[in-house]
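Here's a quick tour of one protein model for someone new to reading structures. Have the sequence and the 3D view open, and let's walk through it topic by topic.

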Amino acid sequence: MSDTEDELTAGYRRFRAEHWPTAHAEYEALAQGQKPHTLIVACSDSRADPALIFDAAPGQLFVVRNVANLVPPYEPDGRLHGVSAALEFGVKVLNVKRIVVMGHAHCGGVNAMLHGAPDSCADFVAPWVAQGTPVVQHVAETVAPDQLERAAEEAIVRLSIRNLRTFPWIAEREARGDLELSGLHFGIAEGALTVMTDKPRFEPLA
Ligand SMILES: [Zn+2]
């Protein structure tokens, strides 16, 4: 077995030994169905795990993770839209009350928008991150260089929130007050969240 498999197996053994004895009743109840209160769009980055950051129990968060926490616009064209499929199920079937887009510091996907995707990632990463390139280029023209990375990460969260509102069944629910959209950014080194407001830059979460 590889070292990675050993780490996974060891983690599973700890889950069974330390967590399962007290958690099994909760899982048995969840086997009847899920009722998550929040849908989270986050980055695939291994350092920004929504379940850990929000100290969430199984069944509470419906999580969509991808490179750079991007939500593409509403395009019901019969193609393979994984993010949109998760949104549709989360909103229409699970009736989540909130959608949170959470960006994070030192995001490789946003870095690829600013400086180009790795040469080896031309098939999928480059076209995926290209949807955010105009937004981060605009940021690059308007903020100081030492603010660029963070400001670009915040701007991508804002882009995803704007694109969420292109889904008619999201916009309708938000207009009715049945669905709340919010944007967050996770500072990895500080372990702290900042929140999107009407102000240009995100602010510390109260
Ligand atoms: Zn990222």
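Let's start with V100, which sits in strand β3. This is a predicted model, and in it V100 has a relative accessible area of 4%. That is under the 20% cut-off, so V100 counts as buried.

**Around V100**
- Setting aside residues up to four places away in sequence, V100 touches T38, L39, I40, V41, S182 and L184.
- One of those, L184, is 84 residues away from V100 along the chain, yet the C-alpha atoms of the two are 7.2 Å apart.

**The sheet**
- In what order do the 6 strands of the open sheet line up? They run β2-β1-β3-β4-β5-β6, and the pairing is mixed.
- At the edges you'll find β2 (61-66) and β6 (203-204), each pairing on one side only.
- Strand β1 (residues 38-43) pairs with strand β3 (residues 98-104) in the parallel sense, over 5 bridges.
- If you want a spot to look at, find L39: across from it in β3 is I99.

**Helices on the sheet**
- Helix α3 (residues 82-93) packs on the sheet and touches β1, β2 and β3. The direction of helix α3 makes about 170° with that of β2.
- Helix α7 (residues 148-164) lies across β3, β4 and β5 (192-195). Compared with β4, helix α7 runs at about 160°.

**The zinc ion**
- Which protein atoms are the donors of the zinc ion? They are SG of C43, NE2 of H104 and SG of C107, lying 2.0 to 2.3 Å from the zinc ion.
- Along the chain, the zinc donors follow the spacing C-x60-H-x2-C.
- Are H104 and C107 buried or exposed? H104 is at 1% relative accessibility, so it counts as buried. C107 has a relative accessible area of 2%, so it is buried too.

**H185 and its neighbours**
- H185 belongs to strand β4 (residues 180-187).
- With 0% relative accessibility, H185 counts as buried.
- A polar atom of the H185 side chain lies 3.4 Å from the backbone oxygen of H104, and H104 is one of the zinc donors.
- Leaving out neighbours within four places in sequence, the contacts of H185 include G103, H104 and A105. R150 and E153 are also among the contacts of H185, and so are A192, L193, T194 and F202.

Note on methods:
Residues are numbered from 1 along each chain as its sequence is written. This is a predicted model: local features need pLDDT of at least 70, side-chain atom pairs count only at pLDDT 80 or more; totals for chains, interfaces and linings use all residues. Side-chain values use heavy atoms; hydrogens and water are left out. Helices (H or I, at least four residues) and strands (E, at least two) are DSSP runs, numbered from the N terminus. Buried means under 20% relative accessible area, exposed over 50%, partly exposed in between (1.4 Å probe, protein chains only). A polar contact is a pair of N or O atoms within 3.5 Å; within protein, one must be able to donate a hydrogen and the other to accept it, and residues adjacent in sequence count only if both atoms are side-chain atoms. Contact means heavy atoms within 4.5 Å. Two strands pair if DSSP finds at least two bridges between them. Axes are lines fitted to C-alpha atoms, for helices over the stretch in contact, and angles run from 0 to 180 degrees between N-to-C directions. Donors are N, O and S atoms within 2.8 Å of the metal (3.2 Å for Na, K and Ca); water is not among the atoms, so sites may look incomplete.
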